Amino acid sequence: RTSVRFYGTAPEHIFAANHFINHKYKVISEIGSGTFGRVYKCSYKHTTYAVKVLHCTNAAQYKSVKQELRNINHIGHSDHIIKTHEYFSINKYPNHFAIVLEYATDGTLLQKLKTIVPFKDFETIKNWMVHIAISLQIIHKKGLIHREIKPENILLAWNGFIKLGGFSISRQSECAITYVGNFLYMAPEINMLSSYRSEERRVGK
């Protein structure tokens, strides 16, 4: 099954299978959890979605959610970026928000790599690299730095098409003055400079 994992302890589980989120999205299963959110595989009108449910308990978490929504709106539609369909507050659950995302049928790149070890399909790897590079080029042209390029944020559609997700800590280039992200995937020069070139270098790690 598809799974997504974030750092930290996930909040209380509030939606079980066959329950509905805002009387609209029917929960099929939980597919991920994180510091202040859970991700559910849901269906609505015969279409499958990934619904990220976030529980904000402090100002920093509210800020993170608002930043992610701003980034999503700023990027707009692209075949190389995981699509956001809508977002809303959740009825009956104060301080809970939902972001409805395109469902990546083949899961994350991290999951894919774990199922085939060692991975030696170099043509597929080359294709992935091209798609990731295109995704970065798209957001960089919008003046945005992703800041968390890692296999968990790279998703695979049913046809092997690569899509980029995970924009909660992305920032406009002129505003990105802090060092954030996963240390395992940081480019060496990130300690000296946060730049597009640093981010592009992560793709090859």
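Of the contacts in the protein with a separation of 6 or more, 58% are made by residues 24 or more positions apart. The structure is a predicted model. The protein contains 4 helices and 11 strands. Of its 205 residues, 46% are buried. The accessible surface amounts to about 11,300 Å², and carbon and sulfur atoms account for 57% of that area.

F15 is located in the loop between β1 (4-5) and β2 (20-21). The relative accessible area of F15 is 5%, and the residue therefore falls below the limit of 20% under which a residue counts as buried. When neighbours within four places in sequence are left aside, the contacts of F15 are with F20, I21, V27, Y40, V53, I90 and Y93. K26 is 11 residues from F15 along the chain, and the C-alpha atoms of F15 and K26 are separated by 9.6 Å.

Aromatic pairs number 6 in the whole structure. In one of them, the ring centres of F15 and Y40 are 5.8 Å apart and the ring planes stand at 90°, so the pair is edge-to-face. Y40 belongs to strand β4 (residues 37-44), whereas F15 lies in the loop between β1 and β2; the pair therefore ties together parts that are 25 residues apart in sequence. Both F15 and Y40 are buried.

F15 also forms an edge-to-face aromatic pair with Y93, with 5.6 Å centre to centre and 65° between the planes. This pair links distant parts of the chain, 78 residues apart: F15 is in the loop between β1 and β2, and Y93 is in the loop between β6 (84-89) and β7 (96-102). Y93 has a relative accessible area of 29%. This value lies between the limits of 20% and 50%, so Y93 is classed as partly exposed, whereas F15 is buried.

Elsewhere, ring pairs link a cluster made up of Y25, Y44, Y49 and F88. Of these residues, Y44 has K24 over the face of its ring, at 4.9 Å from the ring centre.

The loop that holds Y93 lies between β6 and β7, and these two strands form a hairpin with 6 residues between them. Within the turn, K92 has a positive phi of about 75°. β6 and β7 run antiparallel and are joined by 5 bridges. In this pairing, E86 is placed opposite V100 of β7. β7 is also joined to strand β5 (residues 47-55), by 7 bridges, and these strands likewise run antiparallel. Here K52 has I99 in β7 as its bridge partner. β7 is mostly covered, with 6 of its 7 residues buried.

F15 and β7 can be related through two of the residues described above. V53 is among the contacts of F15, and strand β5, which spans residues 47-55, is joined to β7. Y93, a further contact of F15, is in the loop between β6 and β7.

Note on methods. Residues numbered from 1 in each chain as written. Predicted model: local features only at pLDDT ≥ 70, side-chain atom pairs only at ≥ 80, totals over all residues. Heavy atoms only, no water. Buried < 20%, exposed > 50% of the residue type's maximum accessible area, 1.4 Å probe, protein only. Contact = heavy atoms within 4.5 Å. Phe/Tyr/Trp six-rings, centres within 6.5 Å; stacked < 30°, edge-to-face > 60°. Lys NZ or Arg CZ within 6 Å of the ring centre and 35° of its normal. Pairing = 2+ DSSP bridges. Areas by Shrake-Rupley, 256 points an atom, 1.4 Å probe, with all protein chains shown as cover.
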